[in-house]
There are 4 protein chains.
Amino acid sequence: MRAIVAHQAKDLRIDELENVKPGPGEVLLQMAIGGICGSDLHYYNHGGFGPVKLKQPMILGHEVSGHVAELGAGVTGIRIGELVSVLPSRPCGDCKYCQEGLRNHCLNMRFYGSAMPYPHIQGAFSEQLVVDAVQCVNAEGLSAGEAAMAEPLSVALHATRRAGEILGKKVLITGSGPIGALCIQAARRAGAAEIVVTDLATNALDFARKVGADKVVNMADQPQGLADYSADKGYFDVHFECSGSAPALVAGMAALRPRGVIMQLGIGGDMEVPMIMLTAKELDLRGSFRFHEEFAFAVELMQKGLIEVKPLISHTLPLTDALIAFETANDRSQAMKTQIAFS
Amino acid sequence: MRAIVAHQAKDLRIDELENVKPGPGEVLLQMAIGGICGSDLHYYNHGGFGPVKLKQPMILGHEVSGHVAELGAGVTGIRIGELVSVLPSRPCGDCKYCQEGLRNHCLNMRFYGSAMPYPHIQGAFSEQLVVDAVQCVNAEGLSAGEAAMAEPLSVALHATRRAGEILGKKVLITGSGPIGALCIQAARRAGAAEIVVTDLATNALDFARKVGADKVVNMADQPQGLADYSADKGYFDVHFECSGSAPALVAGMAALRPRGVIMQLGIGGDMEVPMIMLTAKELDLRGSFRFHEEFAFAVELMQKGLIEVKPLISHTLPLTDALIAFETANDRSQAMKTQIAFS
Amino acid sequence: MRAIVAHQAKDLRIDELENVKPGPGEVLLQMAIGGICGSDLHYYNHGGFGPVKLKQPMILGHEVSGHVAELGAGVTGIRIGELVSVLPSRPCGDCKYCQEGLRNHCLNMRFYGSAMPYPHIQGAFSEQLVVDAVQCVNAEGLSAGEAAMAEPLSVALHATRRAGEILGKKVLITGSGPIGALCIQAARRAGAAEIVVTDLATNALDFARKVGADKVVNMADQPQGLADYSADKGYFDVHFECSGSAPALVAGMAALRPRGVIMQLGIGGDMEVPMIMLTAKELDLRGSFRFHEEFAFAVELMQKGLIEVKPLISHTLPLTDALIAFETANDRSQAMKTQIAFS
Amino acid sequence: MRAIVAHQAKDLRIDELENVKPGPGEVLLQMAIGGICGSDLHYYNHGGFGPVKLKQPMILGHEVSGHVAELGAGVTGIRIGELVSVLPSRPCGDCKYCQEGLRNHCLNMRFYGSAMPYPHIQGAFSEQLVVDAVQCVNAEGLSAGEAAMAEPLSVALHATRRAGEILGKKVLITGSGPIGALCIQAARRAGAAEIVVTDLATNALDFARKVGADKVVNMADQPQGLADYSADKGYFDVHFECSGSAPALVAGMAALRPRGVIMQLGIGGDMEVPMIMLTAKELDLRGSFRFHEEFAFAVELMQKGLIEVKPLISHTLPLTDALIAFETANDRSQAMKTQIAFS
């Protein structure tokens, strides 16, 4: 079988690997769709990010769906042929954080396609994949492409849950890439009354509008586009910072009302934070990292039509065009979510 | 001008009253629509409920909308002719609870149509009404009937906010009258993944399904209809108890998972609560009472089409048919929300 | 070795059992002290409570301390001879509640001395006990009697954490047995500004005063002793209901201010709850059940002198006087906490 | 009467002012003690801080106590001669934040000794002061010096409440000036199991130890003094950042466990924040600003001996030595809290 392997920066290959067989409690999947995430692009473009660096070839990918091909011994409740979203979060279950229910902070996490530990945790962009039965979430009723969106949607749902109260609230989202766009949808589903979105790219803002933004502001054209929201100490209750850019964070803080909450999802480097503003308005800057139990919610909300991710899938290319797919994903002026079809 | 006045149990009259004029900071409304609430029915049917008793004639009504007819001195930001939802909550702003932001617990509350203090607080079912400017919430884009639904919707939104996390959760609603049905919509808007509704009346459950219940259970036909949800210590995360009936509360508690939250909205008498179950599952039984800041959210969510209350308005009758309207509202097998048109 | 075994109601025996040896990861303890809890008394007096009934002989006890006598293979970080508080909570670690961090709701809990599953979970009142290494919490600096208080103190700490904000707040505690008295201490340590305690027994209230109550009210002598606290919708922020008696719950609810929190720890039968009061004041009635991570906190807070439990230990009797110990514990006019010395 | 007036940086004078008389609802105080706060020092040393600049002479001071000298018309419940702590927070009660109960964010706040609005809000360092009756909190049983500590203690209590759960938790405090030292005491009173304090000054750390720190680390001597706490993703649950220094913030973040909370009280300039760490550990960086309802708690907790501030009062000088007092307060190697006696 074939897999998409990053050997080093800009050295992406479709490698031939040994076929695999499911052991007890495991399931063999014939992979259907894999979505390219920002971290996949970092490995592809730069061989990593910050302290996280490729030290050996690594299969990329963690946003995947597949069809059940074979059941290992003792697996029940799963049917051959069914479409599943694959939970890429594999905590150990035993460390102190797992025991406290903070599974996204597992000390021994094996998240697909991560170069942080060595040997690296191989990813899921392959034609076949053996997974634990508990990683399979039945995705009946969804397309394979939607099923593969469960992962990034979970990121947005996790951040939305951590943000606290959303019902009836005013929400600002800075950065309208795939995560920003999913935050629009998650915040709307959680009852946001008003959603304003900023970005520097027209294309991204068009997507934002399509998936539910009430208003979009192109900060490249209107650098002061949020200034009016700062009157009377601010307007927004919640800010999802999805750009990883310090100016977006600062502009958002100025537009937040006292006790406002900033969910930091965008990952950039260090950021200069105006601490007097944070202190005087008693703002609350919270990190949000991956997800765990939200994965099942994500599939269920899509299945019930309560969140509609199809408009975000801008491109789907076959495995043989993996390189084109990565280059397409690199071009924010064109792509929202680029996916690869494995079969 | 005419108003709907309860003189005593089963003695409802359309009385002729003096016209009124707005003072400084006030607004005169030509009333449009008034919805009949359960408490109005209690005054009509029984002259009150529990310790709350009519001691003098009282204008009923607190779910109302109207058109702005005249502005008192100093009022700005409101246009003659505009449709407004009328906030019936009038806290004093000075007592200790108001100062803490708990305005629905104001020690000097003057909520429309309340027989609790004496002299009673007169209600809003009249052809004209003078209100404070801050009570007017612009309802542009809504029908007058929808605008009058802002009040009961606020009750549901307040309970939903007090319930805590809803996004992706399993919700049980016992009692599918207007408040139960609005809780379905509020919980859905807040992101509930699954909503199961119980009632004893087929008609009410049909409404429940129409406004978004995933499943309905007629407890009259299937007294054990929730039993399966008790496996593994329970299934639901949140229970909105809107029936005021002890068996519904107890059945819901059994079906709630550990740490589940029960929002008690239904008002019955005392209830026998299985305290060992409450303790052993660490359930959380919370009262919810009226609302305040949710009123503005309610109008906004309706205006944006994020909550759709029209299906709940089952009957609209003219002022001259007020008595028929009250009798219609009494008949749960027919009516969901009955409204009276004042003009 | 000997153990205290309940054969049926009022049939308590000191039985001779086989000695035990620690397996890998286990520790053999020479037991020091065991405190008699209310549930032990229920088994002794009535053979159980509610649906929980003795169906076979069961060793009682779950409030215990001991000295390390032998280490199983692979155990590190524990020294022969050291005094340990024994965590009696043994969740499975695998069920859905364990995975979510709600270990006190484990579907397969093996809590010492519980007749709920069959075969029963044997208790810890024995001269020797083999425990998992993770159950041992070093209790250096404490007396063996204090070390055995870690368990009931954990119950109080768990309830206090679940109560939410305590710092600077007004606290009411109804029922001043051992759990009520420990709630006094936990609430004080969490920063309660004022603590009022009620009971029907003079002796219990004397203890309450000794461990920190600002004021005590004997409800037998002054049935209206809390009435003044009901003015202006109520006075207390938090109510720890430790009596299991409905009149105490109702009196407390009347004395709670709007949004007040009732922690229900006392276990009685069903209780008639005034739901209109709960709804109108938006009270929050929360169950609290056992504990888990609080056990380590409990030992640490005692070791640092931040909570002082010694005054609560009213009687200590040797194993051979176990029957006298249980009868002593039965007499609330004499005993606060009765403990049994195993060596 | 005389008052301490900052005319500009390093131009502090004892000016003679007109005597004042209490109007209706007001109280005339003969001032007893005033404590010098960091913001007073900023006005004295630099004429302000950040964008806050002296534009006219301003009486300094907001940490004050006094004795009641005269009652205005209609004032009840206050006795001539009684010692009171003076609440310096004077919100308008009408703006949107006041109505929501967020009185420390009042849009029209008149906090004593603030150069932010123009004309400035005059402070309370004067021999006589007319205050609203509601600003007087009876301080019976306290010394006048302790009564004047209610203000900074309220700052610490407010931050502690905003930090969430403290009972049984591990707390890090960076910066052990008066606010840091009061956070030690507030955190201990709220149940912190372990408190570690860092500073660069030996004297400050000695104070920290005296008021309850379990361990102190001099970061000047041991720049890596917190490094061991970073193992397994971190150790502390809560970090009170009272230094306003970026290295302290960053060292604290590294030592916090996932989901840890940083309360930012120290006011420095902008700070470079390691956002990847904040995101990956899901840290929560919260501003804390002043207080409101905590003021009454502060007095009550001191009166009951639950918080003991006396050890923090390092110097007390007469009004005539005001300049010496400010210079003393400037010398962190000597002073913890410097107070001025007005009578």
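Guide: D:Tyr235 is partly exposed, with a relative accessible area of 29%, whereas D:Tyr229, at 11%, counts as buried (buried means under 20% relative accessible area, exposed over 50% and partly exposed in between, with a 1.4 Å probe and protein chains only). This is a predicted model, in which local features need pLDDT of at least 70 and side-chain atom pairs count only at pLDDT 80 or more, while totals for chains, interfaces and linings use all residues. Side-chain values use heavy atoms, without hydrogens and water; residues are numbered from 1 along each chain as its sequence is written, and chains are lettered from A and ligands numbered from 1 in the order in which they are written.

Over all chains, the whole structure holds 32 aromatic pairs (rings of Phe, Tyr and Trp, the last by its six-membered ring, with centres within 6.5 Å; planes under 30 degrees apart are stacked, over 60 edge-to-face, the rest tilted). One of them is the tilted pair of B:Phe125 and B:Phe342, 5.9 Å centre to centre with 45° between the planes. B:Phe125 and B:Phe342 are both buried. D:Tyr229 and D:Tyr235 also form a tilted pair, with 5.1 Å between centres and 50° between planes.

In chain A, an aromatic cluster is formed by A:Phe111, A:Phe291 and A:Phe295. In chain C, the charged end of C:Arg290 sits over the ring of C:Phe111, 4.0 Å from its centre (NZ of Lys or CZ of Arg within 6 Å of the ring centre and within 35 degrees of the ring normal). In chain D, D:Arg290 lies over the face of D:Phe111, at 4.0 Å from the ring centre.
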